[in-house]
Every structure is written in C-alpha cells, then in structure tokens.
Amino acid sequence: MSHKLRNVLLGATLVLCLVILPAVAQQKPTIQSIPYGELRLGDGGYLRVSAIGLPPFGTADRTSAREIARQNAMGLAQRRLLSSILDLSVPGTKQVVRDRLANKPASKDRLRALIAKAKVSGQELADGSAEVTLELPFSGTGGLGEFLATLAP
C-alpha cells in the first residue's frame with residue numbers, strides 16, 4: 001500500500017473518530033428501564049413512572065368512581081416515584097439515595113417537594129380505571145439531578 005493512500009485512510013479514520021462518532025453518541029440518550037417506568041439520562045433527561053388505579057366496586061355514581069380511581073392511581077404513582085428515587089445511586093458514592101437520606105434528614109422535605117411538583121399526565125380507561133404518569137426532569141433548577149447533587153459528599 002502506498003504511503004499516500006495509507007495517510008488518507010488514517011486521516012479519514014481520525015475524522016470519523018473525532019467528529020462523527022461523538023455527534024452520533026450525543027444523539028442517543030441512555031434510557032434505562034426501571035420498575036413501573038423509565039429513567040432517561042442525558043439532555044432532556046427524566047424519571048417517569050406510571051400507575052393504574054381501580055374504581056371502587058359497587059359504586060353507582062360513575063363520576064365519583066372515576067375520581068376515586070384517579071386518586072388511587074395518583075397515590076400509587078407517587079409511591080412508585082418515591083421508591084424509584086430512593087433506589088437511585090448518589091453521584092460520587094457507592095450509596096443509594098435511601099442510605100444518604102438517613103444522614104441528611106433535612107433533605108427529606110426537599111424530596112417531598114420534588115415529588116409534589118412532578119409533571120402529571122393521565123387518562124381514563126374504558127373499564128372505569130384511571131392511569132396516571134408522573135415525570136420529573138433530571139436537569140435544570142429544582143430537577144432530580146440537582147437533588148442528587150445535594151446528597152453527594
């Protein structure tokens with residue numbers, strides 16, 4: 001192989017490694033499946049969980065039955081969101097949030113506020129039950145990433 005051809009191939013490989021591959025890597029966010037939802041890392045990252053609530057049996061009033069189903073779904077989704085956050089790793093440590101909260105009781109109030117401001121979406125299902133999805137942004141002011149940073153050493 002001639003030296004010129006080899007240099008052109010090496011140069012093209014270098015361009016591929018330095019320019020194209022990082023751009024492709026930035027386009028693919030890391031999505032991790034968690035129980036009852038997903039965790040997306042990277043730009044626009046979030047933690048999302050869902051739950052389905054059932055209406056009470058034997059209720060004749062459909063409006064109140066749907067509202068009870070929505071409240072049941074909301075309570076279950078909040079518990080699932082809390083559980084998912086408690087199982088996240090704290091950056092810079094080998095501990096999870098649950099372990100770090102034991103040492104920082106003031107952070108419990110901050111965690112409650114974080115869960116309370118989660119984005120809520122949902123729908124009523126044909127059988128009278130309701131589905132609720134809660135989503136917390138990972139980045140930005142007041143995001144999940146900022147909360148995790150406060151627990152780091």
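Here is a working chat about the fold, the sheet and some packing in this predicted model.

Q: What should I know about the model before we start?
A: The model is predicted, with local features needing pLDDT of at least 70, side-chain atom pairs counting only at pLDDT 80 or more, and totals for chains, interfaces and linings using all residues. Residues are numbered from 1 along each chain as its sequence is written, and side-chain values use heavy atoms, leaving out hydrogens and water.

Q: OK, what's the secondary structure of the chain?
A: Five helices and five strands. Helices are DSSP runs of H or I with at least four residues, strands are runs of E with at least two, and both are numbered from the N terminus.

Q: And which pattern does the chain follow along the sequence?
A: It goes α-β-β-β-α-α-α-β-β-α.

Q: In what order do the strands sit in the sheet?
A: The order is 1-2-3-5-4, in an open sheet of five strands with antiparallel pairing. Two strands count as paired if DSSP finds at least two bridges between them. Strand 1 (30-34) and strand 4 (119-124) are the edge strands, each pairing on one side only.

Q: How much are neighbouring strands turned against each other?
A: By 15° on average, ignoring direction. Axes here are lines fitted to C-alpha atoms, for helices over the stretch in contact, and angles run from 0 to 180 degrees between N-to-C directions.

Q: Which helix packs on the sheet?
A: Helix 2, residues 62-86. Helix 2 touches strand 1, strand 3, strand 4 and strand 5, and its direction makes about 145° with that of strand 3. Contact means heavy atoms within 4.5 Å.

Q: Let's walk across the sheet. How many bridges between strand 1 and strand 2?
A: Five, with strand 2 covering residues 37-41 and the pair running antiparallel. Threonine 30 is opposite leucine 41, and glutamine 32 is opposite leucine 39.

Q: What's in the hairpin there?
A: Two residues lie between the strands, and tyrosine 36 takes a positive phi near 70°.

Q: Tyrosine 36, then: what sits over its ring?
A: The charged end of arginine 80, 3.5 Å from the ring centre. The rule asks for NZ of Lys or CZ of Arg within 6 Å of the ring centre and within 35 degrees of the ring normal.

Q: What does valine 120 stand opposite?
A: Leucine 134 in strand 5. Strand 4 and strand 5 pair over six bridges in the antiparallel sense. Their hairpin has five residues between the strands, with glycine 128 in the turn at a positive phi of about 95°.

Q: Why does strand 4 lie largely in the open?
A: Because the number buried among its six residues is zero. Buried means under 20% relative accessible area, exposed over 50%, and partly exposed in between (1.4 Å probe, protein chains only).

Q: How much of the chain is buried overall?
A: Buried residues are 29% of the 153. The chain exposes about 9,900 Å², with carbon and sulfur atoms supplying 59% of it. Those areas come from the Shrake-Rupley method with a 1.4 Å probe, where for residues only the protein chains shown count as cover.

Q: Switching to helix 4: is leucine 111 buried or exposed?
A: Leucine 111 is in helix 4 (residues 106-116) and counts as buried because its relative accessibility is 4%. Leaving aside neighbours within four places in sequence, leucine 111 contacts Leu82, Ile85, Leu86, Leu101 and Phe147. Leucine 82 is 29 residues away in sequence and 8.4 Å away in space, C-alpha to C-alpha.

Q: What about serine 107, which residues does it touch?
A: Not counting residues up to four places away in sequence, serine 107 touches Leu101, Phe147 and Leu151. Serine 107 lies in helix 4 too, and is buried with a relative accessible area of 10%.
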